[in-house]
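This report walks through the model, from its confidence to its folds, cores and contacts. Keep the sequence and the 3D view open while reading.

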Amino acid sequence: MLRFVLRRVALIVPTFIGVTFASFLLIHLVPGDPIEVRAGEHGISPQRHAELLHEYGLDQPLWKQFVDYERQVASGNLGTSIVRQDSVWTEFLQLFPATVELSLCAILFAIAIGMPLGIIAAIRRGSIFDYGLMGLSVTGASMPIFWWGLIMILVFSVSLGWTPVSGRISDAFYVQPITGFMLIDCWFSDDAGACSSAASHLILPTIVLGTIPLAVIARMTRSAMLEVLGEDYVRTARAKGLSGPRVIIVHALRNALIPVVTVIGLQVGTLLSGAILTETVFAWPGIGHWLVESVQRRDYPVLQGGVLLVAALVMLVNLGVDLTYGLLNPRIRR
Amino acid sequence: MSATDTLAAAPVGAARLPGRFATFWRGFAANRGALLGLAVLVLLVLVALLAPLVAPHSPIQQYRAHFLTPPAWERGGSLEFPLGTDDVGRDILSRLIFGARLSLLIGVAVVGLALSSGTVLGLVAAFAGGTLDVGIMRLMDVMLVFPSLLLAIVIVAILGPSLFNAMLAVASVSVPGYTRLARASALGELGRDYVTATRCAGAGRLRLMFVTVLPNCLAPLIVQASLGFSNAILDAAALGFLGLGAQPPTPEWGTMLAGALEFYQRAPWVLTFPGLAILVTVLAFNLVGDGLRDALDPKLRR
């Protein structure tokens with residue numbers, strides 16, 4: 001097992017260096033050099049430009065700059081934002097909990113609704129429910145979620161007035177940020193009004209971001225269950241006289257879960273892509289919103305650092321999924 | 001269609017073997033959703049081709065007297081603008097009809113570009129082996145680490161926002177999928193006897209790659225490509241929505257949604273119809289893709 005873990009971790013190193021190289025190249029590929037980018041629309045005198053180029057080591061050969069960049073990344077320095085003058089790392093840490101909170105809620109929502117639906121569809125294979133659910137599942141997976149979010153706002157916020165339109169919490173409340181997770185911080189603050197405000201802000205974005213994973217999970221659960229329900233051991237369990245629910249939950253579901261869990265693990269990238277759109281629609285102050293804004297404001301250091309951090313995050317999650325999978329299934333340890 | 005080679009071996013039961021296409025069609029047509037999707041796509045292609053004939057107005061003509069006219073069935077609507085007008089008085093139906101051209105163009109261009117370059121890269125990796133193989137596949141690993149929309153955003157940030165650059169970005173993002181598939185299936189074929197036989201007969205490397213091996217790797221690639229259309233259209237629309245794709249007044253559906261942001265609460269129709277157009281198109285491509293998967297590649301059936 002140790003060898004398996006070490007090999008998986010070692011595999012990540014070249015990919016990570018590749019990722020840092022990609023983010024290093026980013027700042028060199030955008031039109032204008034980094035100094036011009038930083039000067040923005042104010043412009044800069046040619047003399048000062050040359051001085052700064054020298055000061056930041058940008059007149060060095062490219063490979064040397066890359067080595068310097070690697071050194072900076074290794075020491076945790078990801079540059080400073082042009083717009084807010086904060087370090088990219090600080091900004092990321094401030095906004096990251098919001099994205100995690102939203103993504104976790106979305107994936108939990110998708111699992112809580114998608115798995116039971118998939119199981120029922122598999123049990124009632126060929127019924128109207130099954131066909132209806134599979135139709136809805138394809139539709140959900142085809143959803144342009146930025147539009148879906150706006151439609152939800154239109155129906156539930158504007159017409160019905162049930163939920164707020166945007167943000168994480170109403171301006172009327174101030175909650176001391178302790179963990180950065182609004183729901184938990186509200187819990188600590190002992191303010192019931194703040195809690196319900198935070199929860200009501202979370203509902204629509206959760207549903208919108210959870211829609212595609214929900215569709216994928218329902219479909220995957222159904223097909224995994226169908227496969228397992230045809231196996232001999234399920235027939236044996238039935239023949240033994242076990243009750244229907246017991247066979248489904250104890251015998252079938254446990255084995256059907258393996259592919260489903262893998263699919264859930266692989267949804268991280270999709271979830272982050274979705275978070276970019278969901279956060280933009282709901283003005284949710286998270287990483288996705290931050291990155292889109294950085295492109296629109298031409299704040300390239302933020303884009304560079306943010307992209308690197310997101311990629312590192314995805315790699316870590318993938319590694320986690322791989323290791324868990326190896327833990328559960330000795331055959332793939334090899 | 002040589003992709004159905006594998007199907008020719010499938011038992012058919014009938015005394016007379018049906019043709020390849022007939023076998024494929026029977027598998028495809030058994031899926032009612034796929035037929036529905038195909039019907040929608042045919043309609044969409046017709047509308048796109050005949051856009052100037054079927055559209056009641058020009059997509060960029062601004063009718064100064066008709067800002068934000070509601071759809072015909074609502075109060076204040078008129079049959080002159082069946083789906084209403086937008087904030088500068090352009091007919092929404094006409095814009096949607098011309099937008100269909102763009103969406104199909106995006107789908108075809110993105111999938112064509114990504115499929116061809118991904119396949120070539122995958123075949124080269126499989127045939128060359130060694131350093132080149134490792135190099136190509138590591139590069140693909142790096143690309144796969146970035147969430148697809150984020151990578152597309154970064155590429156557009158470098159190239160500048162335009163429809164063409166958005167298409168380029170979405171295509172680059174989907175290359176790794178095709179490369180991995182092509183490499184995996186080519187590796188599977190390389191050990192087969194027919195490949196060795198062809199090689200012994202003196203076939204050159206290029207011939208082996210594209211004439212001998214490629215046709216037998218096509219089934220999974222075609223399935224992936226048909227599902228790739230929906231991703232391409234969704235991602236390009238998302239870029240348009242974020243202001244990083246097609247620029248106004250281009251009647252691209254995602255860009256139309258971005259333009260509706262300021263006043264959709266007053267005039268919901270400006271928002272509803274472009275989104276529905278995206279949803280229906282993507283859904284149709286997904287249904288057809290599922291049908292193709294069932295008909296072409298039973299192994300991939302989920």
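Helices (H or I, at least four residues) and strands (E, at least two) are DSSP runs, numbered from the N terminus. A283(A) is found in the loop between α11 and α12 of chain A.

## Model and confidence

This is a predicted model: local features need pLDDT of at least 70, side-chain atom pairs count only at pLDDT 80 or more, and totals for chains, interfaces and linings use all residues. Residues are numbered from 1 along each chain as its sequence is written, while chains are lettered from A and ligands numbered from 1 in the order in which they are written.

The predictor gives the complex an ipTM of 0.86 and a pTM of 0.86. pLDDT is the predictor's confidence in each residue, from 0 to 100. Chain B has a mean pLDDT of 85, with 92% of its residues at 70 or more. Over residues 1–14 of chain B, pLDDT stays under 50. The model has 23 contacts beyond four places in sequence for that stretch. Two residues are in contact if their C-beta atoms, placed from the backbone, lie within 7 Å.

## Chain A at a glance

Chain A has 13 helices and zero strands. Its C-alpha trace spans about 85 × 55 × 40 Å along its principal axes. Take contacts in chain A between residues at least 6 apart in sequence: 70% of them join residues at least 24 apart.

Of the 334 residues in chain A, 36% are buried. A residue is buried if 20 or more other C-beta atoms lie within 10 Å of its own, exposed if 12 or fewer, and partly exposed in between; the C-beta atoms are placed from the backbone.

## A bent helix

Helix α9 (residues 192–229) of chain A has 38 residues and spans only 46 Å between its end C-alpha atoms. A straight helix of that length would span 56 Å at 1.5 Å a residue. The expected span is 1.5 Å times one less than the number of residues.

Where does α9(A) kink? The kink, about 45°, lies at T211(A), shortly before the proline P213(A). The bend at a residue is the angle between axes fitted to the seven residues ending there and the seven starting there. α9(A) is mostly covered, with 27 of its 38 residues buried.

V281(A) sits in helix α11 (residues 244–282) of chain A. V281(A) counts as buried because it has 24 C-beta neighbours inside 10 Å. Leaving out residues up to four places away in sequence, V281(A) touches F146(A), G149(A) and L150(A). V165(A) is 116 residues from V281(A) in sequence, yet their C-alpha atoms are 9.4 Å apart.

A283(A) has a positive phi of about 50° although it is not a glycine. A283(A) counts as exposed because it has 12 C-beta neighbours inside 10 Å. Next comes helix α12 (residues 287–296) of chain A, largely enclosed by the rest of the structure because seven of its 10 residues are buried. Among them are W290(A) and L291(A). Just after α12(A), R298(A) takes a positive phi of about 55°. R298(A) lies in the loop between α12 and α13 (300–328) of chain A. With 17 C-beta neighbours inside 10 Å, R298(A) counts as partly exposed.

## Cores

A nonpolar core is a set of buried Ala, Val, Leu, Ile, Met, Phe, Trp, Tyr and Cys residues joined through C-beta atoms within 7 Å. The largest has 156 residues. L150(B), A152(B), A166(B) and V170(B) have the most contacts inside it. α10(B) supplies the largest share of this core, 18 residues. A second, separate core has seven residues, including V175(A), C186(A), A198(A) and L202(A).

## Where the chains meet

The contact takes 37 residues from chain A and 34 residues from chain B. On the side of chain B that touches chain A, α12(B) gives the most, with eight residues. The residues on that side divide into 25 nonpolar, six polar and three charged. Ala, Val, Leu, Ile, Met, Phe, Trp, Tyr, Cys and Pro count as nonpolar, Asp, Glu, Lys and Arg as charged, and the others, Gly among them, as polar.

Leaving aside its neighbours within four places in sequence, L150(B) is in contact with residues of chain A including L272(A), I276(A) and V310(A).
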